[in-house]
Amino acid sequence: MLGCGYRIYILNMDNSSAIVVFSGGQDSTTCLFWAMSEFDHVEAITFDYGQRHAKEIDCARAICRDLGVEHTVLEMEQLGRVAPSSLTRDNVAVDKAMPDDHTPPNSFVDGRNMVFLTFAAIVAKQKGIHNIVTGVCETDFSGYPDCRDIFIKSLNVSLDLAMDYTFVLHTPLMWLDKAQTWALADSLGRLDYVRENTLTCYNGIKGDGCGDCPACKLRKRGLDKYIASKNQTKQ
Ligand code: ZN
């Protein structure tokens, strides 16, 4: 299956369960479905870090309720306070394009993935879970340094050492572009569900979104490309 990557089997490690870092967006919802196809028991964890739209958390809750997935929501307000970003400050407009100087766009929240994955790992260990799934992706590289494969691998080592426990960080989307992420959702039989129920838009509009922010544009470009390629193979 597309994007499945590899599975690591470690002797004496319970491989039946996983926890998914879940925002309620397209990528993490696709990861949730991927995890549900790979593991017997799947849970989700969402972080409330004062993101612009509390709707994102409502969306994550609604999806977990709908799918019967155990859901933990952790309060991370301090992150939004110490790391200013257009996602956490109403007075910072979201960049409509990538900055020219190769710095991350102002939607970048310093340390976010490190903090989230660390807390996900702490929760996972308490529950005896070893597998952690995250939707980070290097292909459509948005300039976020903590979405890079090398960062995830480095953090995996650090988490193991920090907690004297074996974690396996899974990144099923790492090498997929947005069109391939839609293809993965489709191969799991969940394309329409992901399209209609997830929130990716920086302006907080569910489904196809505002159409104007970078997240909506990226999402739409990928969907159009996937649908076009699917139609082509049908002909
Ligand atoms: Zn949008």
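A disulfide is a pair of cysteine sulfur atoms within 2.5 Å. By this rule, the count in this predicted model comes to 0 disulfides.

- The sulfur of Cys 59 has its closest cysteine sulfur in Cys 64, 10.0 Å away.
- That is too far for a bond, because a disulfide needs the two sulfur atoms within 2.5 Å.
- Cys 59 is buried, with a relative accessible area of 6%.

- For comparison, the ideal angle for four tetrahedral donors is 109.5 degrees.
- Cys 201 and Cys 213 sit 12 residues apart, both in the loop between helix H7 (191-197) and helix H8 (214-234).
- Cys 201 is buried, at 4% relative accessible area.
- Cys 213 is also buried, with a relative accessible area of 4%.
- Cys 210 counts as partly exposed, at 27% relative accessibility, because buried means under 20%.

**Helix H6**

- Helix H6 spans residues 178-187 and is mostly covered.
- Of its 10 residues, 7 are buried.
- Among the buried residues of H6 are Trp 182 and Leu 184.
- Lys 178 and Thr 181 are buried in H6 too.
- The cover over the buried residues of H6 includes helix H1 (26-38), H7 and H8.
- Asp 177 caps the N-terminal end of H6.
- In this cap, a side-chain oxygen of Asp 177 lies 3.1 Å from the backbone nitrogen of Ala 179.
- Just after H6, Gly 189 takes a positive phi of about 75°.

- Ser 17, Ile 19 and Val 21 point one way from S1.
- Ala 18 and Val 20 point the other way, and they are buried as well.
- S1 pairs with strand S2 (residues 41-48) in the parallel sense, over 5 bridges.
- Within this pairing, Val 21 stands opposite Ile 45 in S2.

Methods: Residues are numbered from 1 along each chain as its sequence is written. This is a predicted model: local features need pLDDT of at least 70, side-chain atom pairs count only at pLDDT 80 or more; totals for chains, interfaces and linings use all residues. Side-chain values use heavy atoms; hydrogens and water are left out. Helices (H or I, at least four residues) and strands (E, at least two) are DSSP runs, numbered from the N terminus. Buried means under 20% relative accessible area, exposed over 50%, partly exposed in between (1.4 Å probe, protein chains only). Contact means heavy atoms within 4.5 Å. A polar contact is a pair of N or O atoms within 3.5 Å; within protein, one must be able to donate a hydrogen and the other to accept it, and residues adjacent in sequence count only if both atoms are side-chain atoms. Two strands pair if DSSP finds at least two bridges between them.
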